[in-house]
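Hello,

Here is the structure we talked about. Please open it first, then read my notes below.

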Amino acid sequence: MSNPRIGFVSLGCPKALVDSERIISRLRAEGYDIAQSYAGADAVVVNTCGFLDSARDESLDAIGEAITENGKVIVTGCLGVDEGVIREAHPKVLAVTGPGRFEEVMTAVHAAVPPAPDPFVDLIPPQGIKLTPRHYAYLKISEGCNHRCSFCIIPRLRGNLVSRPAGEVLREAEQLVAAGVKELLVISQDTSAYGVDLRYASSQWRGAEVPARMTELCQALTSLGVWVRLHYVYPYPHVAELIPLMAEGRLLPYMDIPFQHAAPRILKAMKRPAREAETLQQIAAWRSVVPELTLRSTFIVGFPGETEAEFQQLLDWLDEAQLDRVGCFRYEAVTTAAANELPDAVPEAVKDERWHRLMAHQQAISSKRMATRIGSTQPVIIDTVDANGAVGRSRGDAPEIDGQVLFAERGTLSPGDIVTARVLAADEYDLHAEVVT
Ligand code: SF4
């Protein structure tokens, strides 16, 4: 008798991807197969995103498609906290659970498709099933967030910060490395706050006590001998403690810090730290120790009440900060976000115009910074190889969101190789390079 088969649709951010990987690991551990098509599945799990209204629509569409194509649908993920919205749009869904509710998803799966009586439980690899390519993996260190940024509903969706003990995170990292992972991408909603909820309590790893604190966790992770990249770092002063690790070449010289804005009044209205001047000093201090530091950030334009002068302040700040990579969002009035109550909504046309101006402004900065890399020699991790050559990433490029390093010849390269490359040319996003060793 063949194993029952579950289809899986994963939407949303890398954090949701990690949840999907956990659920799939559990399914495989219990003897379920993962179906590649709706038609071949006995039921379908849809892991939704509910952050922006556009993501909610995409999630609702995905649920609708799964119901039409398969009929037996279990919904989980961020949109799951709004069960009423889902049931109103799709009354036929079998079960709805929120983010991180693995047990409830499994209960719903058991009810819809009982597990095979004799599952091959040993077939599950100890490190779990990964949806990301084998040579890099996301490592989730906490869930939820203690901040209350006025434009964001994540704390409502995912609750307050809940950190994983350092020993547990490190054991997962160790298993991933043993399975061939060469790059760990540390994710959370707020990486700098890691362990606050645990009062930085220590836990055991390799016979030593490791406190649940960002600096100590990074120190321990870098002892695994793979690339370690930090995402979603909130700009607290103690982030400076990581700079020596980057200077020593242990931690990737890369930080993804969502600054969101630079005008003090807007930052206050966003309920973000209004420390834009200190942040510039911090950036200068970090770069004086680690000149190759790549800084990525995201910003929101058209936040309620944002004036032309405040927008200009943001552009001026970008001139000073000289960030390497910038993503920009037009403010979107996410249902139930506190910022929706603020007066002076910015018209869509103005948001759009500011978005284009910011992107053009930053493109000039990014291009200049990229050009300084021409002629340099740097390590590159190879992601894909085909007849046309190879594609990799430098230490300054996170997968999926940053640029790439393009090689015209594939040579003997394989995905996961880390090579030394000489940069031949650059545009505002990508580098062209040749392999040196
Ligand atoms: S820090 Fe991030 S997740 Fe937390 S409330 Fe602010 S935007 Fe949302």
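This is a predicted model: local features need pLDDT of at least 70, side-chain atom pairs count only at pLDDT 80 or more; totals for chains, interfaces and linings use all residues.

From S14 the chain passes through helix H11 (residues 308-321) and on to S15. That β-α-β crossover is right-handed. S14 and S15 (residues 325-330) are parallel and share six bridges.

S14 also pairs with strand S13 (residues 254-256). Those two strands run parallel as well, with three bridges between them. Met255 has Leu295 of S14 as its bridge partner.

How many of the eight residues of S14 are buried? Seven are, so S14 (residues 294-301) is largely enclosed by the rest of the structure. For that count, buried means 20 or more other C-beta atoms within 10 Å of the residue's own.

Next, the core. In soluble globular proteins, nonpolar side chains tend to be buried together. Here the largest nonpolar core has 121 residues. Ile63, Leu139, Phe151, Leu184 and Leu217 make the most contacts inside that core.

Take Leu139. Leaving out residues up to four places away in sequence, Leu139 touches Val169, Glu172, Ala173, Leu184, Leu185, Val186 and Ile187.

Last, the ligand. Which residues surround the ligand? They are Cys145, His147, Arg148, Cys149, Cys152, Ile154, Pro155, Gln189, Asp190 and Tyr234. By class, that shell holds six nonpolar, two polar and two charged residues.

Best wishes

Definitions and conventions: Residues are numbered from 1 along each chain as its sequence is written. A residue is near a molecule or strand if its C-beta atom, placed from the backbone, lies within 6 Å of it. Ala, Val, Leu, Ile, Met, Phe, Trp, Tyr, Cys and Pro count as nonpolar, Asp, Glu, Lys and Arg as charged, and the others, Gly among them, as polar. A nonpolar core is a set of buried Ala, Val, Leu, Ile, Met, Phe, Trp, Tyr and Cys residues joined through C-beta atoms within 7 Å. A residue is buried if 20 or more other C-beta atoms lie within 10 Å of its own, exposed if 12 or fewer, and partly exposed in between; C-beta atoms are placed from the backbone. Two residues are in contact if their C-beta atoms, placed from the backbone, lie within 7 Å. Helices (H or I, at least four residues) and strands (E, at least two) are DSSP runs, numbered from the N terminus. Two strands pair if DSSP finds at least two bridges between them. A crossover is right-handed if, with the strands pointing away from the viewer, the path from the first strand over the helix to the second runs clockwise.
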